[in-house]
Amino acid sequence: MSTEPQKLNQTMLDTNQLASFQQSINDLSPLQLAWASGYLAAKAENVTNVTAPAVIASAVPATLTILYGSQTGNAKGVAKNLAAQASAEGLNVELKSMGEIKPKAIKNITHLLIVASTNGEGEAPDDAIALHEFLSSKKAPRLDHLYYSVLALGDTSYELYCQTGKDFDLNLEKLGAKRIAPRLDCDVDYDEAANTWSTTVITEVKALLSSEIAASNVVALASVDNIEELYTKQKPYTAELLLSQKITGRDSAKDVRHVEIDLGESGLTYQAGDALGVWFENSVALVDELITELGFDDQEKVTVGDEKITLGEALKTKFEITQTSIQFVNFWAEKSQATNLLNILDDKSAMREYAANHQVVDVVKSSPLPNEVKLNAEEFINALRKITPRLYSIASSQSEVEEEVHLTVGLVQYHTEDASREGGASGFLANGIDEGGEVKVFVEHNNNFRLPADNETPIIMIGPGTGVAPFRAFLQEREATEAAGDNWLFFGNQTFTQDFLYQVEWQNYLKSGLLTKIDLAFSRDQVEKIYVQDRLLENADEVFAWLERGAHIYVCGDMSRMAKDVEAALLTIIATKGKLSQEQASDYLKDLRNAKRYQKDVY
Amino acid sequence: MTDLTKKDQANGPLIVEGKHADNERLKAESNYLRGTIVDDLKDNVTGGFTADNFQLIRTHGMYQQDDRDIRNERAKQKLEPLHNVMLRARMPGGIITPTQWLGIDKFAREKTSYGSIRITTRQTFQFHGVLKPNIKLMHQTLNHYGIDSIATAGDVNRNVLCTTNPVESELHQEAYEWAKKISEHLLPKTRAYAEIWLDGEKIEGGTETGEVEPILGPNYLPRKFKTTVVIPPHNDVDVHANDLNFIAIAKDGKLIGFNVLVGGGLAMTHGDKSTYPRRADDFGFVELAKTLDVASAVVTTQRDWGNRVNRKNAKTKYTLDRVGVDVFKAEVEQRAGITFAESRPYKFTSRGDRIGWTEGFDGKHHLALFIENGRLLDKPNLPLKTGVAEIAKIHKGDFRMTANQNLIVAGVASEDKAEIERLARAHGLMADSVSVQRKNSMACVSFPTCPLAMAEAERYLPGLVTDVEAILAKYNVADESIILRVTGCPNGCARAMLAEIGLVGKGPGKYNMHLGGNVAGTRVPKMYKENLSEQDILDEMDALVARWSTERTSNEGFGDFVIRVGIVDEVKVSKRDFHD
């Protein structure tokens, strides 16, 4: 049917009618107006069982829906804060992962805030895929009644920056929804900008919903999960590092640490599949090197937020100096006018590669400022990103380790022309603190990476490299709960003798029967490279048989290559063994994903 | 010439009754040495072998080992020990062709963790540090070059040694042929080796197919068994360390038969006085034609009478001491259908290799290279392994590995001598500075690869010899030498129990010191002091050499001296004298 809007001043109402109608809607809030339009439309269609008071109660619930699409937990974290703020403002809030609603149900929502992250090359996170596809498809309904805004998380060093968020924003607009506030695109250091946007957007929503709030004094705090948590990203728990043990052999090309942290009396709890957020400090040596290079005084006071602290302290604890942002490269290119930097300014992928391979100090060293260029410390730090905590998939189950939490941390190491550099958090955990030292942590729950509720359900775990971490947690949990379901692990790394992470533990689990099968891919033990996806394909019959008997499949680890190759292998297996077309195989996998039987924790 | 008088002989039972040792079960259940080795090869979760297979692979010439230097480190890393295998090839008489040498050189370089070839006291080479995925490749590579490793370890007759006398070319050739024949005669007949490693045709089942072991039996031998062929007066193979020895008796340069010596063996267990090193007994002379019959008879008698209850007393030497030499000998005569004639006279005068050039009766030249510890490895500025490979590329004769862990470039024509020597010198294989003392010193492998090692041996010896050289120089006997052997455990691969000074590893940095062996290798040394540290050893040696240098009679060897002046008592009959 036609939904062409009718103008009120057209002659469909006579003058009196019009005056009286206008008078009756004068005091209506935009929200009430929106509702009224629906009410009237329903009236026009002779929906006779609609009674006004009932409609007000149900069609216009004063509910703000917050949906997040999150891969690593960042978007979820922002969404949770947003929900907490909105609740505090008295709004009735419903917080959900996009994976938790049926795409069609979007038409029942009236007020929507979306927080969506973007994966590598512009893809939607797993839990957002279904809704994202639906809204850009022909099946998408008109959403004229919907008020919304989008916060997009991304990384400017990628070509398709914040693409998923942009897609949601534009698609909703196309479908007739009304934007409450402009979309905010956030780079990796999103905290401050996200807070500001949250405040703005909540004020707007509150205005829209104001009339309803009076009618409803129920504040649904309980619907927002975990916001009552004691320790958060902003308020982390200061834990004790118990152990940082290298678990790759002495001839390994990699340094992977098994880290044990004591959560002590914090009361922090986590489930297998969750991640631990770790705040870190930059190494003093690196800070010194940077300050020396810049000719600053480490005792100089600088302003960071509301406080004045020394430059040395600021660089150690407040700013990212191990990860270089493209903005910083831009800033430094402009300052230094160094040709090597100016040459790549317009080439995003070159910039990204340069930034990824040069820490801040390396940028500074390789392109020194000309003598006449002046730079002060405040100006310098303002060009840096604020430090952000890193998330590590938890490698233990509390059923097994109680108040401890274990991580599997790959030490990021690389060599520049004249120095060797370490990653910020991994370097901190590996070499920056002694055992017994303090580390600030918080738990980041991840409901999108959970063992099956049914202990009998078989699981297939694919976790090469440090991606094996959550599967150690899974097996500890399944052992503790005496879960009868079969467990199949695919693990890969460079070499059998040096890089077989937790080898002895898997051997024991195989012996005890907890681990049903293990398939290994050591890429450098033979001439041809062999990876986990190759092992999956070799076991195609059995993998498919497991899927057919209800197995859940989990993938953890590298997102840009491994997870894609594994997904391609799974599609091949499903297509060939299930005798399905490409499209049908794709639907099969989609169904698995929607049923939460295909879960990824990739980064 | 048995040492035991009637009074000393225990007329014990022919068969020891009791519950058999677990190794007996695993041999019996092994389906002729197959076990489940094939399954283990497919198991890529561990680099090791499981349960019985761990022992069974020994009969295929391999020991499971690991890098013991990093065992604890890896335990912390949640990694299993760095499992690998050591392979000991079967090379009767130690003869290897240049082509074969280049083949093993390449494998050692490319596929072993240590990149070395180790020449051992069993007159063969060992690969150390072969990872599981390379094991089959290793056997197939060896097979390609006509080499195998069947029965070089385990409860079987192991690699047969033969004196590497290149001078008496014809006699050596005959003796060598016998060493090969004896080795093949006593080999396990099971096809397990070919099936598992060479993808040989599979023969179903065990005994039903007629696969029997006519000599070794389905349960194989009670314990390891070692055989030599020796050409007096050179006792380089150390007959008294071996169960069965054929002493070549020649007439007019032609081999006519053998004196047979039975029951030598050096292994013992610390703290167990029922174990001791023991010399072999002379059974008498046998004609050539009966050689293999005698070999079978000795092996089957030991097979049937050896102690299968207590592995520590299972070797031939204990069987002899239990049933009596005469009883054992009579059984051998009966089984072989012979009567031993009286031993023909012979004399051993030396054991060491004549390092440097010698000329054979046939006019060919032979260059014996001193290889410290038998370890051929390229070290900085000392590319020993490459050196041998370079020689192999141009050499027209063959190589002979010696039981003293050295290597002889044998059969060099006069015109090729200069180039061979040039290569040897260029690669550090010939150094005029190597002392007599160093040439007469020997150590087993021990740490880091040997699972039995209790103390360092190969890594300890070079420095120890340097210190001993200084002591000899201090007392003006630098031109003299003492047969010095260090072994990492009492199992005794370096044959310390036939040395003038034998050091036996007891624990990290601790050794028992034995004194009183002789140059010919016909006397077992007696324990002098226990649990000596490296410094204690030097202090003791300083004092002993001081006395020897002043009190000895002319040319009196160190071992003879310490017995004559009463520093230790002579071990005449091991069972009686060794521990008292």
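Figure 1. Residues 204–209 of chain B keep a pLDDT under 50. The predicted model gives this stretch 7 contacts beyond four places in sequence. Residues 1–7 of chain B also stay under 50 in pLDDT. For residues 1–7, the model has 8 contacts beyond four places in sequence. Chain B as a whole averages a pLDDT of 94. At least 70 is the score of 96% of its residues.

**Figure 2. The largest nonpolar core.** This core has 101 residues. Six residues have the most contacts inside the core: B:Ala175, B:Val229, B:Ala248, B:Leu369, B:Val388 and B:Val409. Take B:Val229. Leaving out residues up to four places away in sequence, B:Val229 touches B:Val160, B:Cys162, B:Ala175, B:Trp178, B:Ala179, B:Ile182, B:Phe246 and B:Ala248. A second core is separate and holds 77 residues. Among them are A:Leu475, A:Phe500, A:Trp506 and A:Ile574.

**Figure 3. Where chain B meets chain A.** Chain B brings 15 residues to the contact, and chain A brings 20 residues. On the side of chain B that touches chain A, 6 residues are nonpolar, 4 are polar and 5 are charged. For the complex, the predictor gives an ipTM of 0.88 and a pTM of 0.82.

**Figure 4. The build of chain A.** Chain A contains 23 helices and 21 strands. Of its 603 residues, 43% are buried. Now consider contacts in chain A between residues at least 6 apart in sequence. Of these contacts, 78% join residues at least 24 apart.

Technical notes. Residues are numbered from 1 along each chain as its sequence is written. Chains are lettered from A and ligands numbered from 1 in the order in which they are written. This is a predicted model: local features need pLDDT of at least 70, side-chain atom pairs count only at pLDDT 80 or more; totals for chains, interfaces and linings use all residues. Two residues are in contact if their C-beta atoms, placed from the backbone, lie within 7 Å. Ala, Val, Leu, Ile, Met, Phe, Trp, Tyr, Cys and Pro count as nonpolar, Asp, Glu, Lys and Arg as charged, and the others, Gly among them, as polar. A nonpolar core is a set of buried Ala, Val, Leu, Ile, Met, Phe, Trp, Tyr and Cys residues joined through C-beta atoms within 7 Å. A residue is buried if 20 or more other C-beta atoms lie within 10 Å of its own, exposed if 12 or fewer, and partly exposed in between; C-beta atoms are placed from the backbone. pLDDT is the predictor's confidence in each residue, from 0 to 100. Helices (H or I, at least four residues) and strands (E, at least two) are DSSP runs, numbered from the N terminus.
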